[in-house]
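Here is a short briefing on how some side chains pack together. Have a look at the structure below, then read on.

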Amino acid sequence: PTATSLTETDVLPRAYQRLRALGLLKSEPSSKSATALIADTRPKADRVVVDKSERKLFLMRNGQTFREFRISLGKAPEGPKLQEGDLRTPEGVYTLDWRNPKSGFYKSIHISYPNENDRLQALKRGVSPGGMIMIHGEHYIPSLSRIYRLASKKDWTEGCIALNNEEMDELWVTVADGTPIEIRP
């Protein structure tokens with residue numbers, strides 16, 4: 001199947017193989033979905049840290065990193081987001097406050113930008129701070145184009161933080177709504 005047609009049924013065998021290889025699964029359960037099964041075996045993040053200069057997202061638990069992902073940012077990655085349409089990814093401390101399983105970018109988790117300070121600063125400049133900043137997967141495009149874009153290390157979003165779809169699945173089950181996220185320069 002192509003990246004645009006993958007379903008949970010397609011992903012299920014790979015998830016089982018990974019869990020078996022890690023010694024976490026002895027036989028294929030019949031009652032749980034792959035997402036629920038993965039969620040049961042992964043540590044849960046209590047904090048997310050994004051380092052824009054390194055293009056990395058870190059999942060934290062009790063002050064320790066337990067997973068990191070390579071990310072893409074907004075097309076103008078230097079500096080904090082100042083206003084709507086500037087193609088920058090925000091910097092600061094926010095909350096991952098809700099999610100969209102049917103996002104146009106595979107799956108998405110909303111970042112609570114703008115916060116009160118972001119709104120105040122934008123008001124002083126007489127501009128809109130923008131919004132709808134998400135952590136999301138990839139656009140639904142052919143898999144070879146997706147692989148090429150990831151290999152090019154190019155920033156391509158309008159201010160969001162992007163992962164590949166497989167990593168977005170992992171983030172989806174390890175980060176709960178209400179988790180704090182710190183986005184560093």
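## Side-chain packing at a glance

In this predicted model, isoleucine 161 is in contact with Val50, Leu57, Ile71, Ser72, Leu73, Thr89, Ile111, Met134, Ile135, His136 and Ile183, leaving aside its neighbours within four places in sequence. The points below turn to the core and then to the rings.

**Nonpolar core**
- The largest nonpolar core is made of 25 residues, and Ile161 is among those with the most contacts inside it, along with Leu57, Ile111, Ile135, Leu171 and Ile181.
- At least two residues of this core come from each of strands E1 (47–51), E2 (56–61), E4 (92–100), E5 (108–111) and E8 (179–184) and from helix H5 (165–174).
- H5 gives the core its largest share, four residues.

**Aromatic pairs**
- The count of aromatic pairs comes to two.
- One is edge-to-face: tyrosine 94 and tyrosine 113 sit 5.9 Å apart centre to centre, with 70 degrees between the planes.
- This pair links distant parts of the chain, 19 residues apart: tyrosine 94 lies in strand E4 and tyrosine 113 in the loop between E5 and helix H3 (116–125).
- Tyrosine 94 counts as buried, at 3% relative accessibility, and tyrosine 113 is buried with a relative accessible area of 3%.
- Phenylalanine 105 and tryptophan 156 form a tilted pair, 6.0 Å centre to centre and 35 degrees between the planes.
- Phenylalanine 105 is partly exposed at 27% relative accessible area, whereas tryptophan 156 is buried at 17%.

**A charge over a ring**
- Arginine 99 lies over the face of tryptophan 172, 4.7 Å from the ring centre.

Note on methods:
Residues are numbered from 1 along each chain as its sequence is written. This is a predicted model: local features need pLDDT of at least 70, side-chain atom pairs count only at pLDDT 80 or more; totals for chains, interfaces and linings use all residues. Side-chain values use heavy atoms; hydrogens and water are left out. A nonpolar core is a set of buried Ala, Val, Leu, Ile, Met, Phe, Trp, Tyr and Cys residues joined through side-chain atoms within 4.5 Å. Buried means under 20% relative accessible area, exposed over 50%, partly exposed in between (1.4 Å probe, protein chains only). Contact means heavy atoms within 4.5 Å. Rings of Phe, Tyr and Trp (its six-membered ring) pair if their centres lie within 6.5 Å; planes under 30 degrees apart count as stacked, over 60 as edge-to-face and the rest as tilted. A charge sits over a ring if NZ of Lys or CZ of Arg is within 6 Å of the ring centre and within 35 degrees of the ring normal.
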